[in-house]
Amino acid sequence: MAVLGAVIAQLLHLALMLAAAPLVLGVVRWLKARMLGRRGTSPLQPLRDLAKLLRKRPVLAENASVVTEAAPHLAVAVTVVAIALVPSFAHGMAFAPVADLVLVAGLLALARMALALNGLDVGTAFGGLGAAREMSFAVFAEPALLVSALSFAILAGTTNLDQIGAVFRDGALGLRVSLGLAAVAMLAVALAENARIPVDNPSTHLELTMVHEAMLLEASGRHLALWDYQAALKLTLWLALVSAIFLPFGVAPAGTGPLAWLIGLLAWAAKMGTLCLALAFFENAIAKMRVFRVPEFLGAALLLALLAAALLFVSTGFA
Amino acid sequence: MPAEFPLAWALVFLPWAGAALLGFLPRERVAALVNIGVSAASFLLALLLLAEPVGVQGWTRLDALNLPLVLLSFLIGLTTAVYSYGALAAETLDPLRLRAFHVAFQVFMGAQALALLADNLGVMWVAIEIATLASVLMVGLHGTPAAIEAAWKFFILCGVGIALALLGTIILSLAARPVVGEEDALSWAVLREVAARCDPGVLNLAFVFLLVGYGTKAGLVPLHAWLPDAEAEGPIAISAVLSGLLLNAALQAVVRVKAVVGAHPETVPPGALLLAFGLASVLVAAFALWRRRDARRFFAWSSILHMGLAATGFGIGGPAGHLAGLLHMLGHSLAKSAVFFGIGAAVRLRGSQRIADLGGLCASYPALGWALVTGILAVAGLPPFALFASEFLLVTEVAATHPWVILPLGLGLLVAVAAKIHTLQLLCFGDPGPGTPPAAGPEKLHWPSLGPIWLHLVLALLLGVALPGPLRAMLGEAAGVVG
Amino acid sequence: MLTALALGLALLGLLALAALPLAGHRLAGRIVHGGCCVVSAGFALAALGGMAFGLPEEPLRLPFGPAWAGMSLAMDGLSAWFLLLLGLAGVATSLFALGGAPRGLVAWPIFLGAMALALLAADGFTLLLGFEAMSLASWALVALDHREAGNRAAARLYLIVAALAAACLLPCFGLLGAMDFAAIRAAPPEGWRAVAVLALGLVGAGAKAGLVPLHAWLPLAHPAAPSHVSALMSGAMTKVALYVMARLLLDLCGPVQPGWWGLPLLVLGVASAVLGALRANLEEDTKVLLACSTIENVGLVVVGLGLALLFRGADLGAMAALAAGAALLHAMAHGLFKTLLFLVAGAIQHAAGSRRLDRLGGLIHAMPRTALAAAIGLGAAAGLPPLSGFASEWLLLQSLLAGWRLGEIGLQMAAAAALALAAMAVALAAAAMLRFFGLVFLGRPRSPRGAGAREMGRLQVVAMLLPAGLTVLLGLFPALALELAGEGIRQLVGPMVRPPVIGLALGAGEGHSTYAPLAVALLIGLALMLLWAVVRWRSPAIADRGPVWNGGFIDPPAELIFGDPLSQPSAAGMAQPLRRMLGGTLLAARERVTLPPPGDPRPARLEAGFEDRIGMAPLTPAARIRDAVAAQVERLRSLTIRGSLSLVFATLVGLLALVAWLEGR
Amino acid sequence: MGFGQLPYDVAHLLGGAMLLLSFMLLYQRRVAAVVSVLAAQGAVLAAAAAWQGFVQGAPQLYLTALIAAVAKAGLIPFALRWMIRKLALARGVDPALGIGPSLVAGVGLVALAIMVTLPITTGAQALAREDLALALSVVLLGMLMMITRRNAILQVVGLMSLENGLVLAAVGVTGMPLVVELSTAALVMLVLVVAGVFTFQIRGRFDSLDTALLHPHRGEEG
């Protein structure tokens with residue numbers, strides 16, 4: 001029975017994520033526009049774009065290899081698997097045992113690799129530029145992510161997202177400075193990973209500082225659709241990750257039934273909404289930074305995460 | 001054979017008889033062949049020693065320490081004779097000098113045997129002196145200015161050295177005189193027994209003179225000045241027998257004396273002095289190797305290095321130390337003479353013994369080149385040859401017993417190996433330098449040149465990792481003889 | 001079983017001997033390489049069987065040996081694990097060589113045999129004999145093309161470093177006080193002797209494994225050799241050095257040693273990982289790039305070993321097992337995928353005629369199978385799930401994440417910093433591998449020769465697909481591999497522990513965090529299939545082919561048949577971000593852009609370069625000191641006859657005075 | 001035997017005479033004179049050997065004395081003179097270390113020799129001990145001469161007087177087997193022959209016996 005519940009919860013979660021991804025993107029765009037006093041496009045616009053792109057006939061460069069065809073599928077599939085691991089409204093879902101933070105990071109790295117390969121496939125200058133920069137940013141993002149994971153590992157004794165969430169939800173730990181620092185670090189990483197301002201600008205093309213879009217210049221039709229969808233999924237995943245770790249309130253405990261799920265769902269929607277709002281506000285508030293200042297940005301995140309760990313060493317009885 | 005004429009003396013007088021015969025042989029080829037014959041005969045004779053009972057017989061003794069050295073000496077004597085058969089033809093020697101060479105060579109072999117087998121220290125001294133004078137003649141054979149300089153230096157330094165050794169011998173007998181009754185005050189066996197009752201002061205004095213005297217012969221720093229030039233002049237055979245045989249005889253004398261003096265508890269520990277000389281030789285030679293431009297001198301310096309290593313082994317003493325020293329002497333003789341054979345062939349082909357002129361041997365003469373590569377690796381103490389085994393034992397033993405010695409020793413070894421690898425690549429790898437004569441058609445090297453090299457290397461290999469049981473037992477026993 | 005292994009060693013020796021008379025014969029290559037292939041397979045099977053069905057208890061005493069003792073062979077869990085690696089790598093490389101031109105036939109079997117001997121040794125002499133013979137044989141193979149000055153310099157430095165390793169490891173066994181391993185375990189060293197063993201062992205084995213700062217030789221020597229040799233050198237030989245380090249520091253010195261022993265390993269390992277990975281991002285020669293990534297992976301393994309020491313010292317058995325398992329698994333994973341990648345580099349060099357990234361490109365069209373194998377290998381090297389590299393790095397990161405359990409705050413901070421740097425190294429490796437694949441296989445050809453490349457022969461392709469398949473298998477079933485390595489892990493960290501395994505998944509610590517590669521792989525596969533179906537259903541249209549858009553660039557002029565080379569990313573260009581972000585500080589990287597004046601049609605030029613000052617740090621001063629001392633010593637030689645005579649005289653007088661003084665007291 | 005007795009006094013007297021002659025070797029400025037001093041030393045050595053033979057009642061020492069008289073006092077000086085005349089050598093000695101300093105150094109060496117020998121040989125007979133001290137001094141002085149004189153002939157002379165010191169020590173030891181004396185004597189002749197050969201070769205090559213001229217001809221120049 002519990003198993004069945006877990007499976008159902010997992011499927012619901014997956015469906016929710018897949019559906020929510022374009023919405024999240026759209027909502028963020030809409031919020032940004034509203035804050036700037038524009039009417040903005042409807043939050044559903046990304047869905048329409050996807051549908052339209054899927055209908056279009058894709059055009060491949062003459063020397064495009066199988067990579068161009070395979071990479072987007074691989075990237076989306078991997079991101080779907082990753083997003084299936086991040087708990088949204090309920091804990092103890094079917095994949096909970098394998099929902100490991102380090103694994104999620106690995107899956108995201110795989111998706112990133114696929115994206116970069118796509119950028120390099122036809123050998124254009126922009127693609128290479130974007131790929132090189134994307135990988136270089138990851139060099140600083142991954143340590144920051146893992147070191148902030150260290151804080152959770154110390155407090156929860158594991159890197160399993162499900163258990164981290166459960167431990168934090170029970171609130172046995174109370175509010176901690178170190179967790180705050182880790183949260184800031186992780187948000188910075190999230191901005192970098194999703195090519196948001198100040199690291200990259202998702203809404204421009206052919207700007208010399210661009211990273212993410214540069215790798216998609218040759219993509220068209222369904223390939224472009226897949227890439228856009230993957231971006232949306234990734235954004236959603238990161239927001240869900242942040243909410244799952246730092247805002248685990250109201251998430252249905254393992255083994256509970258539909259009612260708890262409903263509460264969890266509402267709580268989750270609220271959390272995602274606030275995060276979107278925060279993101280939109282942040283992006284409007286600051287300007288994009290020069291490419292070679294990104295390492296400093298992420299390096300600061302890394303240092304914050306290290307500081308969090310150090311505080312834990314001192315504060316907790318482990319020291 | 002009758003006891004009053006033991007095999008040992010036969011080993012001495014057979015080569016001398018051969019020398020006398022060779023003195024009257026005008027024809028070069030015949031002389032070379034006779035030379036080989038005599039060497040072969042004396043080698044077979046030496047093999048008979050294996051059946052001889054161990055012990056003292058008049059002025060001579062036979063024990064596990066000198067038996068392997070004697071066998072090795074005559075083996076190298078034989079291979080050297082074989083090698084010279086091919087090599088001397090190319091040397092620019094008038095018949096008289098050639099005859100002188102053959103005579104001196106056999107005289108040297110006889111004296112070498114006597115030096116190794118002598119029990120009476122006086123006799124041993126005489127033998128070493130004869131061997132020295134014979135090799136002085138061979139060194140100066142070419143009569144070029146460099147050769148004369150080398151020979152004169154050799155003569156003066158070793159003359160002084162031998163005189164000091166004699167003084168040491170006399171003082172030793174003076175020390176033993178009061179305690180030996182009617183026995184021979186110069187017999188090593190007797191001395192070892194009575195040493196504990198002798199006056200430590202006199203023993204110290206004797207050891208100082210003997211160490212400096214025979215140490216000069218063994219080429220220990222700072223008494224080494226004669227060695228590099230002496231080994232680099234004269235026919236290549238000289239380099240082989242000097243580094244392969246004479247040094248061993250001198251070092252064996254030092255070790256035997258050390259055994260005598262060390263038997264007395266209150267003397268200044270002779271091992272420490274020997275160890276100091278050994279380390280000095282290792283360090284100085286290791287760094288000097290980096291400045292060599294002449295191939296034969298390079299390997300002469302490496303002889304100093306290896307004598308230093310063996311001296312270090314004997315210096316730290318103990319069964320392991322002595323075994324390491326002895327093994328090192330044997331392995332060094334084999335490997336070094338092999339390398340000298342190879343260098344000699346290369347010098348013959350290229351007409352110069354400067355390293356720069358010899359470069360790129362593997363490219364122009366593959367067979368010789370790779371043989372030389374193997375030989376130099378063996379000399380550098382890399383596996384699987386004997387010197388690797390002995391250096392392994394030496395270093396581990398030093399680290400176990402005298403840890404502080406490991407610093408200079410390890411440094412010296414490392415610097416020396418690096419230098420040898422460097423020179424090896426200069427000699428054998430790359431393209432022949434400009435100005436070197438191109439390889440004239442097919443490689444003009446026949447078995448007398450390459451055969452000895454490979455024979456020595458195979459023996460060094462066996463000595464290193466695949467020693468047959470009886471030999472292993474003998475070496476172990478030898479370590480005990482002077483322990 | 002040991003007898004069979006010994007016979008295998010003998011067979012290799014015979015092959016080496018047989019190569020001498022066979023030299024130049026038509027079948028020589030077939031016989032030697034085929035024989036090596038068979039023997040290596042035998043090694044692998046023996047090791048596998050030993051680990052699966054029980055290892056031989058008693059060591060085998062060989063009937064011969066050095067003058068003072070016999071040689072002895074033994075196979076315990078540790079040696080079996082590395083022997084398995086050696087066997088697999090040996091099979092692949094020999095197979096590859098079988099397809100190519102026969103070269104270095106004498107040294108190759110000796111190389112294989114020496115490594116096996118070092119792994120199977122049960123006493124110090126045998127170990128070092130194998131270790132040095134291994135260096136010697138590989139030196140001969142490095143020097144195979146000795147007519148090129150670069151190779152000569154590389155070979156010289158290589159052998160000198162090997163000698164340094166020997167000069168450090170020999171005293172170790174002297175300080176350990178015994179030759180026989182069992183005897184050493186019975187009486188582990190104490191006090192300053194133990195510390196000396198640690199230092200010497202670290203320098204000796206580390207120098208051979210290419211650990212910073214003694215790594216300068218590795219990027220020179222590995223590329224200089226023929227590719228199958230480089231493959232075995234990077235894949236197996238560095239592991240033999242790591243085996244010696246583990247055997248010496250963890251096993252022989254035993255659990256009595258304090259935990260802080262792990263600290264130097266941790267520091268050096270992390271430094272190697274970061275520096276190697278960064279260099280791999282800047283190098284422009286395929287084989288040098290791979291060699292640098294070897295430095296990185298060696299560093300990661302050493303980090304694992306250091307953590308194992310730290311945890312063992314803190315009595316955290318499970319954590320120690322986790323770290324040791326990570327080290328062993330990563331050693332195996334790297335051994336396999338690095339072998340594969342060097343073979344790929346060899347295939348590329350043979351097919352496209354160059355090793356330089358800037359002369360290659362677009363090979364995925366000409367060599368699809370090679371590209372597939374390369375993709376697998378590079379993916380594993382980049383630490384991507386579900387391949388082998390990720391499994392081992394997951395374990396490593398988990399053990400680093402558990403570093404806070406060490407209690408002492410200094411160690412905790414060290415572990416946290418190590419975690420950050422290790423993660424950075426992994427990400428750097430990913431960047432380097434992407435650069436490799438993107439520049440070599442994707443894009444357009446950068447040279448006519450590269451445009452004319454063809455797929456390799458069947459044997460070579462098989463030789464590449466074999467380690468590729470093994471990489472995938474190891475990635476999917478790391479738990480089974482670790483179960484096999486269990487004995488080895490116990491050898492390293494104590495008899496009580498069990499490998500960090502839960503069923504088919506890897507489990508860290510109390511098993512809270514788990515990694516189930518099979519499940520992940522299945523999920524990805526499922527998602528891919530569904531996605532493919534959906535996309536096909538929603539968007540049936542067949543893709544068109546058209547000229548590359550390239551952001552609106554004009555088409556290249558007709559004479560540029562490969563397109564405009566300047567519109568393609570170059571090796572230096574791909575390296576630019578990291579060169580600017582990290583290269584300046586770590587590798588003294590520099591860039592110079594020369595812009596022609598306006599109106600000048602010449603293109604702008606970017607010159608970029610770097611120098612590995614850390615790698616050169618130990619070398620140049622040593623050479624300078626050596627020359628200075630040698631110059632001083634040379635003055636001894638320049639004495640005249642009277643001068644040297646007075647030297648003798650002075651020695652005599654000095655000794656007499658010494659004796660007089662000693663007796664005066 | 002002991003102090004104040006005739007055998008001791010005579011032996012001591014002869015030893016002292018040899019030491020004195022060694023100093024004269026160092027003191028001389030003319031090659032010819034050096035050779036005649038060497039001859040005198042040989043003669044004294046013969047006397048010492050004979051006296052020891054008489055004291056110890058060891059007949060083989062008379063033989064030694066005879067050899068010494070013939071070789072050291074007769075043949076060798078004669079050969080050296082002949083060589084000098086044959087090669088028309090420069091008459092001067094041109095020492096590397098001045099006469100005065102070398103004498104001072106000699107005194108220091110004698111002091112060292114006595115310091116080393118006297119306190120230690122308490123076990124041995126006084127006679128041997130005294131002779132040992134003297135012989136040691138003679139040996140050291142011989143070496144000093146070898147390293148302070150440039151001329152090849154003088155270096156040979158130094159070697160000879162060094163050997164004299166040896167024989168002096170040898171005869172001092174009671175019961176020293178004959179082999180040593182014989183071999184010593186024989187080898188002295190051999191050494192002389194070899195030395196002669198080379199002196200001629202050096203002379204022939206370099207028109208001088210200044211061994212410093214050999215130095216540039218070490219192999220591996222530059």
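User: How many residues of chain A are in contact with chain C?
Analyst: This is a predicted model, in which local features need pLDDT of at least 70 and side-chain atom pairs count only at pLDDT 80 or more, while totals for chains, interfaces and linings use all residues. Residues are numbered from 1 along each chain as its sequence is written, with chains lettered from A and ligands numbered from 1 in the order in which they are written. Here, 72 residues of chain A are in contact with 68 residues of chain C, where contact means that the C-beta atoms of two residues, placed from the backbone, lie within 7 Å.

User: Which element gives the most to the side of chain A that touches chain C?
Analyst: That is helix 5 of chain A, with 18 residues; helices (H or I, at least four residues) and strands (E, at least two) are DSSP runs, numbered from the N terminus. Other elements that give two or more residues to this side include helix 3 (66-85) and helix 8 (221-246) of chain A.

User: And how do the residues on that side divide by class?
Analyst: They divide into 49 nonpolar, 14 polar and 9 charged, with Ala, Val, Leu, Ile, Met, Phe, Trp, Tyr, Cys and Pro counted as nonpolar, Asp, Glu, Lys and Arg as charged, and the others, Gly among them, as polar.

User: What joins strand 1 of chain A to strand 6 of chain C?
Analyst: The two strands run parallel and are joined by 3 bridges, and strands count as paired if DSSP finds at least two bridges between them. Within this pairing, A:Val59 has C:Asp544 as its bridge partner.

User: Switching to chain C itself, why is one side of strand 3 and of strand 5 left without a neighbour in the sheet?
Analyst: The open sheet has 3 strands in the order 3-4-5, with antiparallel pairing. Strand 3 (501-502) and strand 5 (514-515) of chain C stand at its edges, each with a single partner strand, so one side of each has no neighbour in the sheet. Strand 4 (residues 505-507) of chain C pairs with strand 5 of chain C over 2 bridges, and C:Leu506 stands opposite C:Tyr515.
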